[in-house]
Amino acid sequence: MPEPLEPYESYAAREAIGHGDGGSAALAIGEAESLERVPGAGPPGGEPAGKPRSLWSDAWHDLRRNPVFVLSALVIVFLVLIAIWPQLIASGNPYRGDLAKAQQGAEPGHPFGFDTQGRDVYTRVVYGARASITVGVCATTGAALLGSLLGGLAGFFGSWWDGLLSRLADIFFGIPVILGGLVFLSVITSSTVWPVVGFIVLLGWPQISRIARGAVVTAKQNDYVQAARALGAGNGRLLLRHITPNAVAPVIVVATIALGTYIALEATLSYLGAGLKPPTVSWGIDISAASTYIRNAPHMLLWPAGALSITVLAFIMLGDAVRDALDPKLR
């Protein structure tokens, strides 16, 4: 019995597919097959369809597998904990001294030895983390907020505002940091951390403002911003909903690296006598006091200097890891 003939459309479509013609019939069959699939079943071949990840989720996915980020993050978490609760690992009083033990080395219960006033160096190193972490975090937050605000507005609106901000930033860039700190902080008698924080913010915001300005200028030229503007979105909505989430990554990278630099700057100013002042416990103050006794009692200098170096290195390593994760060009 002869086989029944197939409809002409089906035969033509299979011929087109078989010979690679890729005509409209092949496209129609492909669309029909896609419509027949059960929603959520994934693409053909049994592989599940993964949900596309955003920049932040993709960056976090990479950071969790970066040993540099994990190590530096653990060190920073430990430093933050002892800055908030130094009693966790140090039960002594950083201000109490015994002149009979001045400049003595390590002994049971005092692993780092004693300074020139017989105070426990270990306890002072632990308590010194509070001032350094406070200055670094507060100065970075203030500089990032001020620089992002001014730089973002200049990059978005442009015109005379952009030119004014650029000239103002050039003025602050021309001020030597150390010399400016010596002049600015020498007339302030307060022993708190806030004058140092204010000075660092004053000289730190121009760098972040330039980064923020460039990121906003790049983001506002994207098609999705132009489409939102064409649909009637106002300047506030464009800045908050479309530009800021896509321009904040470079600012976070620069601010993270700058945090370690600000901690080193505070220690430098305190070493020169213009930063934090006694009775505040600071690594810079202890390094300054121990520098003249490095031959007789090197432990007085090495331990606070080592704690400062580890802290600055941890924040710089963290910033480098975040930069590698947030910049697609470096992957």
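Q: Is F112 buried or exposed?
A: This is a predicted model. In it, F112 counts as buried, because its relative accessibility is 16% and the cut-off is under 20%.

Q: Which ring does F112 pair with, and how are the planes set?
A: The count for the model is 7 aromatic pairs. One of them joins F112 and Y122. Their ring centres are 5.2 Å apart and their planes stand at 75°, so the pair is edge-to-face.

Q: What parts does that pair tie together?
A: F112 sits in the loop between α4 and α5, while Y122 belongs to helix α5. The pair therefore links parts that are 10 residues apart in sequence.

Q: Which residues make up the aromatic cluster there?
A: F112 and Y122 form one cluster together with W303.

Q: How is the pair of F156 and F157 arranged?
A: Edge-to-face, with 5.0 Å from centre to centre and 90° between the planes.

Q: And are those two buried or exposed?
A: F156 counts as buried, at 6% relative accessibility. F157 is partly exposed, at 46%.

Q: Let's zoom out. What is the overall make-up of the chain?
A: The protein chain has 12 helices and 0 strands. Of its 331 residues, 37% count as buried.

Q: What about the core?
A: The largest nonpolar core has 37 residues. Those with the most contacts inside it are V125, I133, I263, W283, L308, F315 and L326.

Q: Which helices supply it?
A: At least two residues come from each of α3 (55–63), α4, α5 (121–157), α10 (235–271), α11 (283–290) and α12 (299–326). α12 gives the most, with 12 residues.

Q: Pick I263. What is it in contact with?
A: Setting aside neighbours within four places in sequence, I263 is in contact with S132, I133, G136, L308, T311, V312 and F315.

Q: What is in the second core?
A: That separate core has 30 residues, including V197, I200, I208 and L265.

Q: Which residues make the nonpolar surface patch?
A: V77, F78, V80, L81, I84, W85, L88 and I89. The patch covers about 720 Å².

Q: Where is F78, and what is its relative accessible area?
A: F78 is in helix α4, residues 67–84. Its relative accessible area is 42%, so F78 is partly exposed.

Q: What do nonpolar side chains tend to do in general?
A: In soluble globular proteins, they tend to be buried together.

Q: Backbone next. Where is the cis peptide bond?
A: From P278 to P279, with omega near 15°. P279 lies in the loop between α10 and α11.

Q: What is the phi of Q103?
A: Near 65°, which is a positive value in a residue other than glycine. Q103 is in the loop between α4 and α5. Its relative accessible area is 28%, so Q103 is partly exposed.

Q: Why flag both of those backbone features?
A: Because most residues other than glycine have a negative phi, and most peptide bonds are trans.

Technical notes
Residues numbered from 1 in each chain as written. Predicted model: local features only at pLDDT ≥ 70, side-chain atom pairs only at ≥ 80, totals over all residues. Heavy atoms only, no water. Patch = residues over 30% accessible without salt bridge, like charges linked within 9 Å, V, L, I, M, F, W, Y side chains within 5 Å. Areas by Shrake-Rupley, 256 points an atom, 1.4 Å probe, with all protein chains shown as cover. Salt bridge = Lys/Arg side-chain N within 4 Å of Asp/Glu carboxyl O. Helix = DSSP H or I, 4+ residues; strand = E, 2+ residues; numbered from the N terminus. Buried < 20%, exposed > 50% of the residue type's maximum accessible area, 1.4 Å probe, protein only. Core = buried A, V, L, I, M, F, W, Y, C linked by side-chain atoms within 4.5 Å. Contact = heavy atoms within 4.5 Å. Phe/Tyr/Trp six-rings, centres within 6.5 Å; stacked < 30°, edge-to-face > 60°.
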